[in-house]
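Student: I have a new structure to read. Can you take me through its features, one at a time?
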Amino acid sequence: FKAGKGFEEARATQSNLLLGHVDTFVIEISARLGVTPAGIVLCGDLNDVPESPCIPPILLRGYDDSYVGDSFAGDRNAERFFTTYKKRASVKICCIDYIFHSASLRPVGRLATPREVDCPDILPASYYPSDHVSLLSAFSFA
């Protein structure tokens, strides 16, 4: 989604457009194959924090964040959970990357994310070669 301060509403619009495309895809696949997809995963760098206008439309459509929930309580709610740690005008450490999934899927594993103490310097660094940390989730059918 569009990065940068001042583009929050643009990202919210992009979020709704993405959801509309997913709905259309599900309808087309269902019509062609005669079955509804068993599960949907939406993931990516959304360039926005959880409390932004971009994320609620996804959650309101019934998608869950695979890094939040009963299975893995705590991470996104933990102090300073982050998926990026970089310097622009100032140091920015926050969560802007996500793996969302439909209710028909249940996360059964995920890659641990680093803690701030694991990153003595901003990213990228020799220990994380990107300004974003990797996210990975394994799912089973609910």
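Student: Which residues lie nearest the centre of the largest pocket?

Tutor: Start with the idea. Rolling a probe the size of a water molecule over the atoms shows where empty space is left. Now the case here, in a predicted model. The residues nearest the centre of the largest pocket are G4, K5, R11, N47 and K92. They belong to a lining of 15 residues. Two elements, α1 and β4 (91-94), each give two or more residues to that lining.

Student: How much space lies in the largest pocket?

Tutor: About 400 Å³.

Student: R11 is one of the residues nearest the pocket centre. Which side chain meets R11 in a salt bridge?

Tutor: Look for a side-chain nitrogen of Lys or Arg within 4 Å of a carboxyl oxygen of Asp or Glu. R11 has such a contact with E8, at 3.8 Å from N to O. Both residues sit in helix α1 (residues 8-33). They are three residues apart, about one turn of the helix.

Student: What is the partner of D118 in a salt bridge?

Tutor: R115 is the partner, and the closest N and O atoms are 3.1 Å apart. D118 has a relative accessible area of 31%, so D118 is partly exposed. R115 has 54%, so R115 is exposed.

Student: Which residues do shared partners join into one network?

Tutor: Salt bridges that share partners connect E8, R11 and D48.

Student: Now the strands. In what order do they form the open sheet?

Tutor: The general idea first. Strands of a sheet pair through backbone hydrogen bonds, either parallel or antiparallel. Here three strands form the open sheet, in the order β1-β5-β2, with antiparallel pairing. β1 and β2 are the edge strands, and each pairs on one side only.

Student: How many bridges join each pair of strands?

Tutor: Five bridges pair β1 (residues 41-45) with β5. Two bridges join β2 to β5. Take single positions next. D45 stands opposite D97 in β5. D64 has H101 of β5 as its bridge partner.

Student: Why is β5 described as largely enclosed by the rest of the structure?

Tutor: Check its residues against the cut-off for burial. Five of the five residues of β5 (residues 97-101) are buried, so the strand is largely enclosed by the rest of the structure. Then check the two faces. D97, I99 and H101 lie on one side, Y98 and F100 on the other, and all are buried. Both faces of β5 are therefore covered.

How values were computed:
Residues are numbered from 1 along each chain as its sequence is written. This is a predicted model: local features need pLDDT of at least 70, side-chain atom pairs count only at pLDDT 80 or more; totals for chains, interfaces and linings use all residues. Side-chain values use heavy atoms; hydrogens and water are left out. Helices (H or I, at least four residues) and strands (E, at least two) are DSSP runs, numbered from the N terminus. Buried means under 20% relative accessible area, exposed over 50%, partly exposed in between (1.4 Å probe, protein chains only). Two strands pair if DSSP finds at least two bridges between them. On a 1 Å grid over the protein atoms alone, a cavity is a set of points where a 1.4 Å probe fits but cannot get out, and a pocket is an open set with protein on both sides within 12 Å along at least five of seven lines; lining residues have an atom within 4 Å of a point. Grid points are joined across faces, edges and corners, and a volume is the space filled by probe spheres set on the points.
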